[in-house]
Amino acid sequence: MLNRIWVGTSKGLFAYNTVTKVWIKAGGKTNLLPQNISDIEADNQQNIWIGTISEVGIYTIPKRGFRPLPYPYVNDFSAADRVHLRVDYGGYLWVSAGRTGVFRHHIQSRENDFFEGKDYEQTPGNFSNFTHSPLVDHFGNVWFCGGGLHKWTNTGKQFVHYTHPFSAYQSTAAIYDD
């Protein structure tokens, strides 16, 4: 435990040390980091993944450097209002960005997948293109909200859509697993 709280802001990435009570700007003065950070997520190697409207990348703590995710679709979040990140138990970084679909990046092998949703199409295997707020539940399942709930099934290698009965045209805003 390194006693740090990571904070993504409109001015970059900061770490607050809860023991020394000192704020540190990630990257220092030489390594420029993205601005307007909408989500941050740590992987099991304690690297910090950063999501902004314009890109997703990794901040490596020992090197204090930022490396954008080398995936052609990821750096084109023009339709996104926020980018949401989550690392699952299998070592995948999941990225959802509003109307751009869902991206999956395997942290070790660096293999990438893109899943393009359909605009609120609810047929088996499809999901809403407007997804956000990825969640890994206590069983390791990956869920997204937006036009209902969407669950990734590793066995079927597809999304399963669950429509909530109270929203014909309302967007699902947040999800939580207890």
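Student: In this predicted model, in which order do the four strands of the open sheet that includes β13 stand?

Tutor: The model is a predicted one, and in it four strands form an open sheet whose pairing is antiparallel. The edge strands are β12 (132–136) and β15 (158–162), each of which pairs on one side only.

Student: Which residue in β14 stands opposite Phe 144?

Tutor: Strand β13 covers residues 142–145 and strand β14 covers residues 149–153, and the two run antiparallel, joined by four bridges. Strands of a sheet pair through backbone hydrogen bonds, either parallel or antiparallel. The residue that stands opposite Phe 144 in β14 is His 150.

Student: Is His 84 buried or exposed?

Tutor: His 84 lies in strand β8, which spans residues 84–87. Leaving aside neighbours within four places in sequence, His 84 is in contact with several residues, including Asp 39, Trp 94 and His 132. A residue counts as buried when its relative accessible area is under 20%, and because the value for His 84 is 14%, His 84 is buried.

Student: Which strand does a hairpin join to β6, and through how many residues?

Tutor: Strand β5 (residues 48–52) runs antiparallel to β6, and four bridges join the two strands. Within this pairing, Ile 50 stands opposite Gly 57 in β6. The hairpin leads from β5 to β6, so the strand asked for is β5 and the number of residues in the link is three.

Student: Which residue in β7 is the bridge partner of Gly 57?

Tutor: β6 pairs with strand β7 (residues 65–68) in the antiparallel sense, over four bridges. In β7, the bridge partner of Gly 57 is Pro 68.

Student: How many residues of strand β6 are buried, and which way do they point?

Tutor: In a regular strand the side chains alternate between the two faces of the sheet. In β6, Val 56, Ile 58 and Thr 60 point one way, whereas Gly 57 and Tyr 59 point the other way, and all of them are buried. Strand β6 is therefore largely enclosed by the rest of the structure, the buried count being five of the five residues.

Student: Which residue meets Arg 86 in a salt bridge?

Tutor: A search of the whole structure finds two salt bridges, and in one of them the side chain of Arg 86 comes to 2.6 Å, N to O, from its partner. Arg 86 lies in strand β8 and the partner in strand β4 (residues 37–42), so the pair ties together parts that are 45 residues apart in sequence.

Student: What is the bridge partner of Arg 104 in β11?

Tutor: Strand β10 (residues 102–106) pairs with β11 in the antiparallel sense over four bridges. The side chains of Arg 104 and Asp 113 also meet in a salt bridge of 2.7 Å, N to O. Arg 104 is buried at 9% relative accessible area, while Asp 113 is partly exposed at 27%. The bridge partner of Arg 104 in β11 is Asp 113.

Note on methods
Residues numbered from 1 in each chain as written. Predicted model: local features only at pLDDT ≥ 70, side-chain atom pairs only at ≥ 80, totals over all residues. Heavy atoms only, no water. Pairing = 2+ DSSP bridges. Buried < 20%, exposed > 50% of the residue type's maximum accessible area, 1.4 Å probe, protein only. Contact = heavy atoms within 4.5 Å. Salt bridge = Lys/Arg side-chain N within 4 Å of Asp/Glu carboxyl O.
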